[in-house]
Amino acid sequence: MKNLIHILTVLVLLTSCNQQKDKIIIEKQILDKLSPIEDPNFFIGKHKTKAMVLGVFHFNDAGLDGYKPKFPFNILEDKRQVELETLLNKIAEYKPTKILLEWNRIKADSIVNEKYQNYLKDSFDISEKSNEVYQIGFKLAKKLGHDRIFCSDASADWFGVNLDWDNYDEDAYLKSQGQYKKARRYDFDAFYKIGDSLKTTRTLTELLLRLNNPENRRKDHQSYLTKIIEGAGDNYLGADNVARWYRRNLRIFANTLDITDFDKEERLLLIYGSGHVWQLRQFFTDSPDFDYVEPNDYLISRE
């Protein structure tokens, strides 16, 4: 009886394998018959561009993005400057050809590049400037011999629901609609507090390794789809707020696309607050024009 069961099991496995092989052959035949324009991987251009988004926490963050940091971090300390040099050496291995920064393209690009040119000539001192644009962006660009940097951020105006903002009570509205518990059922502040507290025990590279872990970025993005996307029916405040965030990131992607030269082999590095990573990563992954590069591939293997 045992032998019979074994034989039947083998036959089932062989049949399943054959069916799978037949399926692969049929799919290949279908793909072979597609015209190039129908191929989802089809790229029109000379060179696909590699893109990496390095998610960072803001070195002088005052809590403008929601959670207010409670643990100090001073990138200007000697210890942190040593850690910063280690980080820069790791990211430099990626060999980015252009560095894109989280400052407004229209308002800041010419001003920032004037400062960068002066920095190259040692006439603009960043030794007391803690912003990551200077400490990572300027220093990395100089290390790599770049003659300019690129501001690629964009604003997104409010096109959402009109409310009496002076008298609007968010919690009261959610409670009146029976949505309060649903909107508050996840404690994202605890997640942010853990990351904040690690500033006291982890190196800069270790902190960014955690920030750029795709699962942690997905966790952060989930707050937009649970906590922030509150309201419905007569009040789409949350959905409109999330749409505004998407619009800003899409504009950043549009700026990146505009800056990219597909006639050259380019390797882009975007240095942005980690909250941007999930969406930008998705845009680059979905686009036929880019090959996305995970920053942790460089941070981990060279740790």
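Select Lys98 and Glu266, whose side chains meet in a salt bridge at 3.2 Å, N to O; the term denotes a side-chain nitrogen of Lys or Arg within 4 Å of a carboxyl oxygen of Asp or Glu. Lys98 belongs to strand β2 and Glu266 to the loop between α10 and β4, so the pair ties together parts that are 168 residues apart in sequence. Helices (H or I, at least four residues) and strands (E, at least two) are DSSP runs, numbered from the N terminus. Both Lys98 and Glu266 are buried, where buried means under 20% relative accessible area, exposed over 50%, and partly exposed in between, with a 1.4 Å probe and protein chains only.

The model is predicted: local features need pLDDT of at least 70 and side-chain atom pairs count only at pLDDT 80 or more, while totals for chains, interfaces and linings use all residues. Residues are numbered from 1 along each chain as its sequence is written, and side-chain values use heavy atoms, leaving out hydrogens and water.

Next, select Glu83 and Arg80, which form a salt bridge at 2.7 Å, N to O. These residues are 3 apart in helix α2, so about one helical turn separates them.

Proceed to Arg184 and Asp171, joined by a salt bridge at 3.0 Å, N to O. Arg184 lies in the loop between α6 (180-183) and α7 (188-197), and Asp171 in helix α5 (residues 170-176), so the pair ties together parts 13 residues apart in sequence. Arg184 is partly exposed, at 27% relative accessibility, and Asp171 is partly exposed at 31%. The structure holds 16 salt bridges.

Turn now to the largest nonpolar core, which has 40 residues. A nonpolar core is a set of buried Ala, Val, Leu, Ile, Met, Phe, Trp, Tyr and Cys residues joined through side-chain atoms within 4.5 Å. Among the residues with the most contacts inside this core are Phe57, Leu87 and Phe138. Helix α4 gives the largest share of the core, 6 residues. Centre the view on Leu87: leaving aside neighbours within four places in sequence, Leu87 is in contact (heavy atoms within 4.5 Å) with Ile136, Leu204, Thr205, Leu208 and Leu299. A second, separate core of 18 residues includes Leu100, Phe150, Phe283 and Tyr292.

Finally, select helix α10, residues 237-259. Its buried residues include Trp245, Ile252 and Phe253.

Conventions
Expected span 1.5 Å × (residues − 1).
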